[in-house]
Amino acid sequence: MNTRAQAKWIILGIAGIAFIIAALICYVSKVYTFVFTAAFVGCFLVMTSWKRLRLLKAAEKAVSAGRAEITVFYRDANSGREIQKSVIPVSADNLYFYGFSTEKNGICLFRWNRILRALDNERELKKDDLLSRIEN
């Protein structure tokens, strides 16, 4: 189902591992100029791809469990206008709410403070309702 999305993040993870290996090679060959840059980029790519792969696995479980889509209305940071997206709730943390978009076949992230409202079949959902939809 998510093979193209998973392939993209696996490739980025492999690139991150390559950067970490390059940082180790630079350290061993005493070319210290690129060690921190390569290590930072490598760690960033590996952690980002690992998080996205975990979210895609959670999205796959949510889709197979038959969870319903909700409509999220949020304020776009760039344009400042209201945008709506239909997503399946997947995960959340303190800053972000993550939803799986079936039309884009990928993970969409929303900042909690920019979500204006969320609707499930014309019923308004609060933050606690969204969190309970993720856990169920």
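Colleague: Let's start with Leu12: buried, partly exposed or exposed?
Modeller: Leu12 counts as partly exposed, because its relative accessibility is 31% and buried would mean under 20%. Keep in mind that this is a predicted model.

Colleague: Which element is Leu12 in?
Modeller: Leu12 sits in helix 1.

Colleague: And what does Leu12 touch, leaving out residues up to four places away in sequence?
Modeller: Leu45 and Ser49. There is also a C-alpha to C-alpha distance of 7.2 Å between Leu12 and Val46, which are 34 residues apart in sequence.

Colleague: Okay, on to helix 2. How many residues does helix 2 have, and how far does it reach?
Modeller: Helix 2 covers residues 35-64, which is 30 residues. From first C-alpha to last it reaches 43 Å, close to the 44 Å expected at 1.5 Å a residue.

Colleague: Which residues of helix 2 are buried?
Modeller: The buried ones are Val35, Ala38, Gly42, Leu45, Ser49, Arg52, Leu55, Leu56, Ala59 and Ala62. As background, residues three or four places apart in an α-helix point the same way, because there are 3.6 residues a turn.

Colleague: What covers those buried residues of helix 2?
Modeller: The cover includes helix 1 (3-28), strand 2 (82-92), strand 3 (96-101) and strand 4 (106-111).

Colleague: Switching to the strands: why does Ser101 count as buried?
Modeller: Ser101 is found in strand 3. It counts as buried because its relative accessibility is 1%, and the cut-off is under 20%. Not counting residues up to four places away in sequence, Ser101 touches Ser86, Val87, Gly106 and Cys108.

Colleague: How does the radius of gyration compare with that of a compact globule?
Modeller: The protein chain has 18 Å, whereas a compact globule of 136 residues would be near 14 Å. The C-alpha atoms fill a box of roughly 60 × 35 × 25 Å along the principal axes, and buried residues make up 32% of the chain.

Colleague: Last one, charges: how many positive and negative side chains are there?
Modeller: There are 20 positive and 12 negative side chains, and the centres of the two sets are 10 Å apart.

Methods: Residues numbered from 1 in each chain as written. Predicted model: local features only at pLDDT ≥ 70, side-chain atom pairs only at ≥ 80, totals over all residues. Heavy atoms only, no water. Rg over C-alpha atoms; globule rule 2.2 N^0.38 Å. Buried < 20%, exposed > 50% of the residue type's maximum accessible area, 1.4 Å probe, protein only. Lys, Arg positive; Asp, Glu negative; His and termini not counted. Charge placed at Lys NZ, Arg CZ, Asp CG, Glu CD. Helix = DSSP H or I, 4+ residues; strand = E, 2+ residues; numbered from the N terminus. Expected span 1.5 Å × (residues − 1). Contact = heavy atoms within 4.5 Å.
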